[in-house]
Amino acid sequence: MPDLSSALHLAASELTLAVGALVLLMVGAFIGDKSARLVSILSVLLLIAAAVIAFMGPWGVAFNGAYVADPLAIYGKSVIYLSAAVAIVLGDGWMKRTHIAKFEYPVLIVLASVGMGMMASSGDLISMYVGIELHSLALYVLAAFHRDDVKASEAGLKYFVLGALSSGLLLYGSSLIYGFAGSMRFEDIAAFAQNNPGPGLVFGLVFLICGLAFKVSAAPFHMWTPDVYEGAPTPVVALFATAPKVAAMVLIARALEGGFSEAHAQWSQVLVAISLLSFVVGAFGGLAQKDIQRLLAYSSIANIGYALLGIAAGTSEGLQAMLMFMTLYVIDQLGFFAILLSLSKSGRPIRRIADLAGLKKDRPVTAVALTILSLSVLGMPPFSGFWGKYYVFGAAADAGLWPVAAAGLVASVVAAFYYLRIIKLMWFDAPLDEIATDKASPETSLIGWACAAFAFPLVIVGLTWLEPLTKVASAGFGNG
Amino acid sequence: MLQGIAFYLLAATAVVSGLLVVTARNPVHSVLWLILAFFSAAGLFVLLGAEFLAMLLVVVYVGAVAVLFLFVVMMLDVDFLKLREGYAKYLPIGGVVAAVLLAEMIVVSSAVIQGGATAGLTGPGAPDPDMSNVEAIGRVLYTDYIYFFQAAGIVLLIAMIGAITLTLRHKTHVKRQDITAQVNRSAAKAMEIKSVPTGQGVSPEELL
C-alpha cells in the first residue's frame, strides 16, 4: 500500500513520539521510579527529535484529509514539542524536591504532545476531537499529579469536569456541522459553506468556538483557569500556559480559516466578543491576586485575548501576527515559570507575590531576569512582548478592528499595574523575612536567564528569523 | 407508518429520559433514566439498519457503563440500611423504565419486520443490503479510519496510565508473593540441622 507508507512518512513526528512514549513507558515500568531522571532526559531528546523531524518533513495531506502537514502545522508542532521539552526539564528537578518524582510525568507529557501535534495538523472534525481528548486527558492527570495535595486534586477534578463539559459543547457543535455540511473534512465544509452558510452551520460553529475557547481559557470560558493554575504543580502549569495553548490556537485558526473562511463575518464577531471579554477579565481580575500562579492565570487569559484578535482579523497577516505573538509569549512564560521554580525558601516554593520582596539583594541576576520578563509580558518596547502585541494590533487595525485593538491597548495598560508591582516589590521593598532563598537547580535558572535574554536583547535578532517563518506558515490562509 | 411511529416514540423517549437524567434529584433515578436513554438510542440505530451499533450500545453502555455508574452511585452512600429500604422506593421508577423498555422492544421489532426506517432510503447513509453491519464497519475501521483508531488507542492508554499514576499506592506492610524466591529456595537454605543434646531438648528461643 503506497498510500499508507506515504501517510506514515507524513506523520513521522507523531509516530516517533507515540512509539517513543511506549518504549519509555516500558523502561519506566521495568526500572521503577528510580528511572524518572533517565526517562526525563530521553523524553526531552525524543521531543527535540520529533520537532526536527516535523520541521524537516514533507508537506502533504494524508488519511483522507484527516491529517494535514502544511507549514502552519509544522511551525505549530515545532513550537509545541520544544516547549513541552522545556516543561519536562523544568519538572524534573522540582518533582524530585517535592518527592513526587515519577517516570509517568515525562511519558504523559510526550503522549500529550502527540495529541497536540494531532490538533495542530487536524484536517477534519474527528482528528480535531481525538487530538483534543488525547492531550486533555494527559493534562487532567498531570494537574492532579501531586495526588496527596488537596489543592492539586481539586485542580485536577475541576479541570476534568469542566473539560468534559467543553468537550460536550465541542461535540454538539461538530455534530451539527456534520449534519448540515454532510462531511467531517474542513475542506468539504468550506466548500459547502461557500454556497450556503445557513443558520444551522453557524449555530454549530458557535458551539465549536465555545468548546475551543474553553481549551484556550478565553473569557467567558476561563473560570477553571485560576484554580487549576493555583492548585496544579508549578512545572505542570508551565506546560499548561504554553504548548496546549499554541496547539489550540493553531487549531482554532485552522478550523475557522480553513473550514469556515466563507463565514468569516459570523465568527469574527464571536471572536471579537471573546477577545474583548478576555482583555477585561484578564486585566481587572489580575489586580486583586496575591498568589503568583493565580496572577499568571489572569495574565494568560488576557494574552489569549490578544492572540484571538489576530485570528479574528481573518487575514493571513492576522494569522502571522497570532503565531508571532504566541511564540514570543511562550518563551516569556517559560522564562517566568523557570524563575518561579528556581525560587524557594527553606525548601518551600514561593507562592505569594509578597514573597518576592527584596529579591534584588538575595538573587540579583534572577531579579534582573524577572524584571526583563515582567516588562516583556507587560508589552514595554523594545522587549519581546511588545513586538507580539505590535503585530497583533497592527493586523487587527488593518482588518478594520481598530476599536478592539484600542481596547486591548487600554487593557494592557491596566494589566501593566500588576507587573510593575512585581518589579517594585523586587527592587524597592524590604524582604518580609531574613530567610535567604535556597540554591536553585542550575538547569532551571539557566532556562530562566536564557528566556530573559531572549526577551531582550536577542529578540531583535530572533524577529528576523521568526518573521519569514511565520509568513510561510500563515500563507494560504485568510482572505488576503 | 409503523416505522414513523417507532421513530418518534424512541426519539421522544430518548429526549425525555435525557432530560430526566439531569433533573432527577435522586442519583439512582438518574442512572435508571440514563439506561432508558441509551436503550432508546439503540432502538433508533436498529431502525436505521445499524444492528451492530445498536447491540454495541446496549452491551457497552447499558451493560457495562450504566451498571458501573449504578454501582458507584450506590457505593457513594454506604449506609446499608438505607440501601435496603431503597428497593421499595426505586421499584416504581424501575418498573416504569422496564415497562417503557418492553414497549420499545415490541415496537422496534415489529417495525424491523416491516423493513426498518431505511426501507425506502437510497443515499450515502443507506447501508449496502448485501453487506452485514460488521463487515461494513470492518472495511473502513482499519483502512479509512486507521488514524483515528490508533489515536483512540493512545487515548485509552493515557487513561490507563492516569488511573495507575493517581491511584496505585505501594504499601510497604503488604507481603507480596515472590515466586522466583520461592522456587529458588533449596533444602540447604530452608533447613538447618542442629544436634540436640540427649536428655535436654531444645527451648523455643533456640529454634529462632
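Two residues are taken to be in contact if their C-beta atoms, placed from the backbone, lie within 7 Å. In the predicted model examined here, Trp267(A) is located in helix 13 of chain A, which covers residues 264-285. Apart from neighbours within four places in sequence, Trp267(A) is in contact with Leu205(A), Ile209(A), Leu256(A) and Phe260(A). Trp267(A) counts as buried because 23 C-beta neighbours lie inside 10 Å, the threshold for burial being 20 or more. The C-alpha atom of Trp267(A) is separated by 21 Å from that of Phe325(A), a residue 58 positions away along the chain.

Chain A is assigned two domains, domain 1 (1-259) and domain 2 (263-480). Their C-alpha centres are 22 Å apart. The contact between them draws 41 residues from domain 1 of chain A and 47 residues from domain 2 of chain A. On the side of domain 1 of chain A that touches domain 2 of chain A, two or more residues are given by each of helix 4, helix 9 (199-215), helix 10 (224-231), helix 11 (234-240) and helix 12 (243-259). Helix 4 of chain A provides the largest share of this side, ten residues.

Helix 4 of chain A comprises 27 residues (71-97) and reaches 40 Å from its first C-alpha to its last, close to the 39 Å expected at 1.5 Å a residue. A bend of about 30° occurs in helix 4 of chain A at Gly91(A). The helix is mostly covered, with 24 of its 27 residues buried. Just after helix 4 of chain A, His99(A) adopts a positive phi of about 60°.

Between the chains, 22 residues of chain A are in contact with 13 residues of chain B. The contributing side of chain B consists of ten nonpolar residues, two polar residues and one charged residue.

Chain B is itself divided into domain 1 (1-80 + 88-118) and domain 2 (132-169), with 25 Å between the centres of domain 1 of chain B and domain 2 of chain B, taken over C-alpha atoms. In an unreviewed entry, UniProt lists residues 6-24, 31-50, 56-78, 90-113 and 145-168 of chain B under "transmembrane region". Of these spans, residues 6-24 of chain B are 95% helix and 0% strand, with end C-alpha atoms 26 Å apart. Residues 90-113 of chain B are 100% helix and 0% strand, and the end C-alpha atoms of this span lie 34 Å apart.

Technical notes. Residues numbered from 1 in each chain as written. Chains lettered and ligands numbered in written order. Predicted model: local features only at pLDDT ≥ 70, side-chain atom pairs only at ≥ 80, totals over all residues. UniProt positions renumbered as here; feature names shortened; annotations may be inferred. Helix = DSSP H or I, 4+ residues; strand = E, 2+ residues; numbered from the N terminus. Domains from an automatic or database assignment. Expected span 1.5 Å × (residues − 1). Bend = angle between axes of the 7 residues up to and from the residue. Buried ≥ 20, exposed ≤ 12 C-beta atoms within 10 Å, placed from the backbone. Nonpolar A, V, L, I, M, F, W, Y, C, P; charged D, E, K, R; others polar.
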